[in-house]
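Me: I would like to learn how to read a structure of this kind, feature by feature. Could you take each general idea and then show me the case at hand?

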Amino acid sequence: MPTVFLLDVSLSMTRPITVPDSTEPYQLRHLAIHGLNFMIDYMSTNTKLEFSALMVFSSLWELVVQFTRDFENLKTELMKVDCYDKTDIVRALIGVRDIILEEWGATMPCQVILITDGNVGIGTTSLKYALEKYYGKDVESQDKLLPLPFPFPCKLHVVCISDVVHQHTVSLYQKLIDIGGGGGQVFVPEGQLSFKSVQQVFHKLTEMYYKPFQGNLYCGNLKSLVSLSPAPESYNKARDFEWIKTEVFTDIVICGFLDIADVASPPVLSRHLVLPIPPAKEETKLTVKPEIESGLEDESMSNDEGKQPSFCVLLHGSLKVESMVALCQLRADWYGMLYSWADSKKKSNLMLSTFEPGLDVIPWLGNIQNLGPISLANQNGDEIISLPLKPSEKRSYAQNCVVWIKQTGLQADIQKILRHARKLPEKTQNFYKELNRLRRAALSFGFYELLEGMATILDRECTLLPGSAHPDAALQLTHAATNLRGLAGRDYGVPIVPMRTKFSIDN
């Protein structure tokens, strides 16, 4: 999950601060840099695969370091930042949106950490003014001022580094996080402002949102200690009559194996890179001869780590060669799958994809607990059912439904009716079928103006009929327009049927 460090470099960050047990002059920005250095060190140790970027802002914003895994470069550039003029948080958030969309697109979940002294700005560029406009009645101003919610999943955290942080200021930042909709929190140092208190704030942030996940991967008697990157988050979602809240166990148990063709491309909740954790040095020391000198001991230990048998490596190679996936259980009624994923032709990785909690989350596999080896079915004489399973009920996406998300969809449905209308009476059945389809959709959406508009269009088509047109065409168009305007056209359950004329009886 990429992270953007958004550092406030306005003039208010240069305010001098008295640090306990120190006579040297310090500023608020020195405490902010110290806290960021602590967090970068934490990420370099526990989340080495995550990308991070450094961005500074005052009245303008600047991307100091592009997304990178070079944490030392981040720390180096952080020490070079200088302070400028006034604070403009809204402009900074617009910059965050632009650089994330350019680098990752609209599907990658990200985290933004805003480090500031709690100053929300002044005048029309202040956060207070932007929030007042957002909650006002002017819809256009909402879009122009605040770029929230972001077009991508994002957690927004705010770290206020100041000795006096008013509750009103915290509430403004909390409103900003709530508008974002992706979650996040406002962090404020406890007690007297110092390097230690600031470090504790960033430590709390990292423990809550950047703590690595380590667990055991089991398959029968085989076991491997693994880590997941990024760490899986807890699942919280409200359903029809219950609230689902669960977390991944530290034990991931493989239940069985399936062909990739049977699994196809199922809907997944999240994807994680599975990495084996090497054995502890204490365990490795037992294999080293005691007479080896200390200088050569470390080198031999590092070489032995690559020679240690690993079930995780074995599983990855097997799934890749056999073109299969491993169905695994993350918790009671929560499953996922392990598979080999290649980001290039030469390099592949073991990945874990988690499904939605439940047993019927993949329709073509049915109830996951009913899956089993074919050998048991042969022994018990049970019927072998091949995958994919056909659902007993007809799914909504199998229906000929109407979708009017954009204007072109409605225009296409109307034009289809007119094409059949110009070929009456040969296309009478098709004409009424499409007309009833559009009428039912309009009644479902409460779009009654469409019925009057469609009737007007049919009247116009009737007047534009050429002299060589069949007499039944004018009668059918007039009959359809009259029914659309009448009370019978408002009855959803009664379709409009073709008018019986002497021409249709003769045919």
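Me: Is Trp 404 buried or exposed, and what is its relative accessibility?

Reply: This is a predicted model, and the general idea is that a residue counts as buried under 20% relative accessible area. Trp 404 has a relative accessibility of 18%, so Trp 404 counts as buried.

Me: With which ring does Trp 404 pair, and how should I read the angle between the planes?

Reply: Planes over 60 degrees apart count as edge-to-face. The ring centres of Trp 404 and Phe 445 are 5.6 Å apart and their planes stand at 65 degrees, so this pair is edge-to-face. Trp 404 belongs to the loop between helix H12 (374-380) and helix H13 (407-421), while Phe 445 is in helix H14 (residues 428-445), so that the pair links parts of the chain 41 residues apart.

Me: How many aromatic pairs does the structure hold, and which parts of the chain does the pair of Tyr 235 and Trp 334 link?

Reply: There are eight aromatic pairs in the structure. Tyr 235 and Trp 334 form a tilted one, with 6.3 Å from centre to centre and 55 degrees between the planes. This pair links strand E11 (residues 235-238), which holds Tyr 235, with strand E16 (residues 334-342), which holds Trp 334, across 99 residues. Tyr 235 and Trp 334 are both buried. Elsewhere, Phe 51, Phe 67 and Trp 104 form one aromatic cluster.

Me: Which charged residue sits over the ring of Phe 249?

Reply: It is Arg 331, whose charged end lies 4.2 Å from the centre of the Phe 249 ring.

Me: Which residues of H16 are buried, and how are they placed around the axis?

Reply: An α-helix has 3.6 residues a turn, so residues three or four places apart point the same way. In H16 the buried residues are Asp 472, Ala 473, Gln 476, Leu 477, Ala 480, Ala 481, Asn 483 and Leu 484. These residues cover an arc of only 165 degrees around the axis, which puts them on the same side of H16. The helix has 15 residues and spans 22 Å from its first C-alpha to its last, close to the 21 Å expected at 1.5 Å a residue.

Me: What does Gln 476 touch beyond its neighbours in sequence?

Reply: Gln 476, which lies in helix H16 (residues 471-485), has a relative accessibility of 1% and therefore counts as buried. Not counting residues up to four places away in sequence, Gln 476 touches Leu 424, Tyr 432, Pro 498, Met 499 and Thr 501.

Me: Where does Ser 52 lie, and with which residues is Ser 52 in contact?

Reply: Ser 52 is in strand E4 (residues 52-57) and, at 0% relative accessibility, counts as buried. Leaving aside neighbours within four places in sequence, Ser 52 is in contact with Thr 3, Phe 5, Met 43, Gln 66, Phe 67, Thr 68, Phe 71 and Leu 74.

Me: What is the mean pLDDT of the protein chain, and where does pLDDT stay under 50?

Reply: The mean pLDDT is 84, and 88% of the residues reach 70 or more. Over residues 281-298, however, pLDDT stays under 50, and for this stretch the model has 11 contacts beyond four places in sequence.

Me: How many helices and strands does the protein chain have?

Reply: The protein chain has 17 helices and 17 strands, and buried residues make up 40% of its 507 residues.

How values were computed
Residues numbered from 1 in each chain as written. Predicted model: local features only at pLDDT ≥ 70, side-chain atom pairs only at ≥ 80, totals over all residues. Heavy atoms only, no water. pLDDT = per-residue confidence, 0-100. Contact = heavy atoms within 4.5 Å. Helix = DSSP H or I, 4+ residues; strand = E, 2+ residues; numbered from the N terminus. Buried < 20%, exposed > 50% of the residue type's maximum accessible area, 1.4 Å probe, protein only. Phe/Tyr/Trp six-rings, centres within 6.5 Å; stacked < 30°, edge-to-face > 60°. Lys NZ or Arg CZ within 6 Å of the ring centre and 35° of its normal. Expected span 1.5 Å × (residues − 1). Arc of directions from axis to C-beta.
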